[in-house]
Amino acid sequence: ELSSCGYPMNSKFDDLPSISESLENSVSIQQFSSLSRELGIFICFGFVLLENERYHIAQAVKGELQALYRKTHLCSFGACSEQNYFDAPQPIDSSLSFDEEFSRLLPIFECEGYRIGIAICYDVRFPEIFRLLSFKGKCDVVLHPSAFPRDGLSWNWTHCVISRALENQIYVLTMNRAGKDFGASIFCPPWISPEDDPLRRTLESPTTDECTLDIEVRQEIIDNVREQVTFRKDRFFQLDEWLWGNEKGEQGV
């Protein structure tokens, strides 16, 4: 989260004008675009987006601009004070189609045949965003860059990551900020066994230093899990309609 400028914990974002970037003049986008072309890879990075005189915690994917996600849920407690400084995305525009608004709010990109969505840190506390990415966006993977501190309020975020992966039967990769007060990045597949519990591994060997994770995503695992453990098929769909309204954007409860 905010990897291009850093996330100041227990301090204020008083210098946003100097660290924010517009899409037209973003040094981060220019540099990561160049690097992604040079290496032939996708790069997902965070920055402060200045857009229409509003500041957003944002995540972009390069090469070329594959996706631009503005953090949906802004924290207001603990070591975070995001709501005092940043803006959530603009409200849903009912004059636009569902697909147009979905692409704006929850962009998805494709890599090696996989559909990949993005959520940022505090978003993981809200299962609706992962449900939408998984079911409406047909995502196989969600990238989840974060800056969770090791404090009394945020310690259980890893449980949320595992829940979002298992209940939607997708891969979730959470990259947490490095440092002694952070760390414990976690990669959760669509299903886990007692012998391969990512939370246990994280708690037994918490990684706080900068590191590289070599992970693998396999379509056959997604398919097999969804075939054998039929969470998705067994949903009571009328409850979704009751909660969310319909695809035309009509308000649910």
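This is a predicted model: local features need pLDDT of at least 70, side-chain atom pairs count only at pLDDT 80 or more; totals for chains, interfaces and linings use all residues.

Student: Which strand is joined to strand S6 (residues 114-118), and by how many bridges?

Tutor: Strand S7 (residues 141-145) is, through 3 bridges, and the two run parallel. Two strands pair if DSSP finds at least two bridges between them, so S6 and S7 count as paired. Within this pairing, Gly117 stands opposite Val142 in S7.

Student: How many helices and strands does the protein chain have?

Tutor: The count is 8 helices and 9 strands. Both are DSSP runs numbered from the N terminus: helices are H or I with at least four residues, strands E with at least two.

Student: Why is the pair of Glu1 and Lys71 called a salt bridge?

Tutor: The term needs a side-chain nitrogen of Lys or Arg within 4 Å of a carboxyl oxygen of Asp or Glu. The closest N and O atoms of Glu1 and Lys71 are 2.7 Å apart, so the pair qualifies. Glu1 lies before helix H1 (16-19) and Lys71 in the loop between strand S4 (67-70) and helix H3 (98-105), so the bridge ties together parts 70 residues apart in sequence.

Student: Are Glu1 and Lys71 buried or exposed?

Tutor: Both are buried. Buried means under 20% relative accessible area, exposed over 50%, partly exposed in between (1.4 Å probe, protein chains only). Of the 253 residues of the protein chain, 45% count as buried.

Student: Why does Glu110 count as partly exposed?

Tutor: Its relative accessibility is 46%, so Glu110 falls in the middle class. Arg115, at 28%, is partly exposed too. The side chains of Glu110 and Arg115 meet in a salt bridge at 3.2 Å, N to O.

Student: What about Glu220 and Arg218?

Tutor: Their side chains form a salt bridge at 2.9 Å, N to O. Glu220 has 39% relative accessibility and is therefore partly exposed. Arg218, at 33%, is also partly exposed.

Student: How many salt bridges does the rule give?

Tutor: The count comes to 7.

Definitions and conventions: Residues are numbered from 1 along each chain as its sequence is written. Side-chain values use heavy atoms; hydrogens and water are left out.
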